[in-house]
Amino acid sequence: MTKDEKYISRCLQLARNGLCNAAPNPMVGAVIVHNDKIIGEGYHIRCGEAHAEVNAIRSVKDESLLKESTIYVSLEPCSHFGKTPPCADLIIEKGIPRVVVGCMDPFSLVAGRGIDKLRQAGIEVIVGVLEEECRHLIRRFITFNMQKRPYITLKWAESADGFIDANRTDGKPVILSNPLTGMLVHKKRAEHDAILVGRRTALLDNPSLTTRHWYGKHPVRLVIDKDLTLPESLLLFNGEVRTLVFTQKQVSPARSQAEFIQLDFSRDVLPQIMEVLYKNKLQSLLVEGGSTLLQSFIDSDLWDEACIEKSPICLLKGVKAPNIRKKYSFCSEKRFGRELTYICHSLVRR
């Protein structure tokens, strides 16, 4: 690993701290180095607040050292006025002579302009250090801005013989997770802007879809209820979290605890839902069920990651788990007790 790679790697570590709060902005980390010693660090903590470069510069105790330092940034410094002033201007103002950038910003308002501005000011700029890793870090931001839809994660737990639940019309679902993996589901919810379930899952499981077992914000709750048959007594309609209901009905009932969005169910509803989420600036979506809804995303090649928990329990019969027929580009696995969790990255839309 080169010296530049070492410090960009540290930028990536810092940037991940913004996972739950930076969206819809990308996660970014910055490190300032003087004579091979880190003198300042920062990351983008929350959308609307200071960017990583600003936080790193503010953390430097002796600003006179900036004129002899290198600033490392996982993503190209911005050059436009948004909710905060341009970071490229601040770097120029502070007289930092060298900038090392992990990857260029795909956002159209930046897209190389920050790098050009720095170079025009006489600053040495190195681009593309650990570029693949830096782009992977902001994959949600890239998907949202380039494909005009949220980054989609599919999540389910399945039995050793390939079922996600028993055949039932009411009652409690079969528990395939252990306490640790159940808690990690809530962590994953906190890392997403929205969470989606189908009508049957909402009716039979009565989920709250909150992050009550993990610290962090609740995702916006989404449910598909074509004919508005779900009872108002469900936890989804308790008003605790913003909830969107996708329906074909023309007139929304007087139910103040949710927002009703009319879709054309004579056409594929998934692209329509993606359009709504994009307009609402919901950058990431977690799809938790049920099996039919998950399979519809798979069949439509409309997913980016799949988190599949494999339980040692055998159900022998029941609701079949979704089936990913196509090959995926990457699969990692972790064991939590006897359970095994796979994370698959789709080849689709790469």
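Trainee: How do you know whether the radius of gyration of the chain agrees with that of a compact globule?

Mentor: The radius is taken over C-alpha atoms, and the globule rule is 2.2 Å times the number of residues to the power 0.38. For 350 residues the rule gives a value near 20 Å, and the chain has 23 Å, so the two agree. The C-alpha trace spans about 70 × 50 × 35 Å along its principal axes. This is a predicted model, in which local features need pLDDT of at least 70 and side-chain atom pairs count only at pLDDT 80 or more, while totals for chains, interfaces and linings use all residues. Residues are numbered from 1 along each chain as its sequence is written, and side-chain values use heavy atoms, with hydrogens and water left out.

Trainee: How many helices and strands does the chain have?

Mentor: The chain has ten helices and 16 strands. They are DSSP runs numbered from the N terminus: helices are H or I with at least four residues, strands are E with at least two.

Trainee: Why is Pro219 called buried?

Mentor: Buried means under 20% relative accessible area, exposed over 50%, and partly exposed in between, with a 1.4 Å probe and protein chains only. Pro219 has a relative accessible area of 1%, so Pro219 is buried. Of the 350 residues of the chain, 52% count as buried. Pro219 is in the loop between helix 8 (199-205) and strand 9 (220-224).

Trainee: Which residues does Pro219 touch, not counting residues up to four places away in sequence?

Mentor: Contact means heavy atoms within 4.5 Å. Pro219 touches Arg189, His192, Asp193, Ala194, Ile195, Leu209, Thr211 and Val241 on that count.

Trainee: Is Glu191 buried or exposed, and how do you know?

Mentor: Its relative accessible area is 12%, and therefore Glu191 is buried. Glu191 sits in the loop between helix 7 (179-190) and strand 8 (194-197). Leaving out residues up to four places away in sequence, Glu191 touches Leu19, Cys20, Arg140 and Ser284.

Trainee: What puts the buried residues of helix 3 on the same side?

Mentor: The buried residues are Cys87, Ala88, Leu90, Ile91 and Lys94, in a helix of residues 87-94. They cover an arc of only 160° around the axis, so they are on the same side of helix 3. The arc is that of the directions from the helix axis to the C-beta atoms. These buried residues pack against helix 2 (52-58), strand 3 (70-75), strand 4 (98-103) and helix 4 (113-120). Helix 3 is followed by Gly95, whose phi is positive, near 75°.

Trainee: What makes the pair Lys94 and Glu63 a polar contact?

Mentor: A polar contact is a pair of N or O atoms within 3.5 Å; within protein, one must be able to donate a hydrogen and the other to accept it, and residues adjacent in sequence count only if both atoms are side-chain atoms. The side chains of Lys94 and Glu63 make such a contact at 3.1 Å. Apart from residues up to four places away in sequence, Lys94 touches Ile57, Glu63, Leu66 and Lys67.

Trainee: Which residues touch the most other members of the largest nonpolar core?

Mentor: A nonpolar core is a set of buried Ala, Val, Leu, Ile, Met, Phe, Trp, Tyr and Cys residues joined through side-chain atoms within 4.5 Å. The largest one has 46 residues, and Ile8, Ile32, Tyr72 and Val99 touch the most other members. Helix 1 (residues 3-15) gives the most to this core, with six residues. A second, separate core of 32 residues includes Trp156, Ala194, Leu244 and Leu294.

Trainee: Why does Leu130 count as buried, and why does Lys281 count as exposed?

Mentor: Leu130 has 17% relative accessibility and so counts as buried. Lys281 has 57% and so counts as exposed. Leu130 is in the loop between strand 5 (124-127) and helix 5 (131-137), and Lys281 is in the loop between helix 9 (269-279) and strand 12. Phi of Leu130 is near 50°, a positive value in a residue other than glycine. Phi of Lys281 is near 55°, again positive in a residue other than glycine.

Trainee: Where is the peptide bond with omega near 10°?

Mentor: The peptide bond from Ala23 to Pro24 has that value and is cis. Pro24 is in the loop between helix 1 and strand 1 (29-34). The bond from Gly289 to Gly290 is also cis, with omega near 5°.
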